[in-house]
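This report describes one protein model for a reader who has not seen it before. The sequence and structure come first, and the description follows.

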Amino acid sequence: MSRPLVAALGHGRRARRSAYALAGLLAAAGVTHLLNPEPYDRIVPRSLPGSPRTYTYVSGVAELALAAGLAHPRTRRAAGLAAAGFFAAVFPANVKMAVDWRKAPPARRAIAYGRLPLQVPLVLWGLKVARESRTQ
């Protein structure tokens, strides 16, 4: 087998693993949104109309749908793009959490502030999965 072919096969496995890992992260988050919604309800921005619980459940279902899309090769590219958009869309909830916890004990503040820059690699991860899905 030629070296370029071996390298391409290895790249495909890494790309699939990356997609499955992101799917696992989203599936776990989706399940926690549905089974333990209270912490998520508290970070839904108050400026949004309706019940925070509705947003918590909708985001949990969206995370599960994204996970399913990432797991299937035919929908992986679209799901990767949608995941990147989703991670950007939930950023205001992380900002609200950071504002609300600004006077919390240091460990809680660190969690709240740490979530803010974490969104950037998550967005980039979704975009990377989408980009790599074209080469599989």
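## Overall fold

Helices (H or I, at least four residues) and strands (E, at least two) are DSSP runs, numbered from the N terminus. By that definition the protein has 6 helices and 0 strands, and its elements run α-α-α-α-α-α from the N terminus on.

The model is predicted, with local features needing pLDDT of at least 70, side-chain atom pairs counting only at pLDDT 80 or more, and totals for chains, interfaces and linings using all residues. Residues are numbered from 1 along each chain as its sequence is written, and side-chain values use heavy atoms, with hydrogens and water left out.

## Extent and burial

Taken along the principal axes, the C-alpha atoms fill a box of roughly 60 × 30 × 20 Å. Buried means under 20% relative accessible area, exposed over 50%, and partly exposed in between (1.4 Å probe, protein chains only). Of the 136 residues, 32% count as buried.

## An aromatic pair

Rings of Phe, Tyr and Trp (its six-membered ring) pair if their centres lie within 6.5 Å; planes under 30 degrees apart count as stacked, over 60 as edge-to-face and the rest as tilted. The structure holds 1 aromatic pair. Phe86 and Phe87 form this edge-to-face pair, 6.1 Å centre to centre with 65° between the planes. Phe86 counts as buried because its relative accessibility is 14%, and Phe87 counts as buried because its value is 5%.

## Arg14

Arg14 lies in helix H1, which covers residues 3–35. Arg14 counts as partly exposed because its relative accessibility is 49%.
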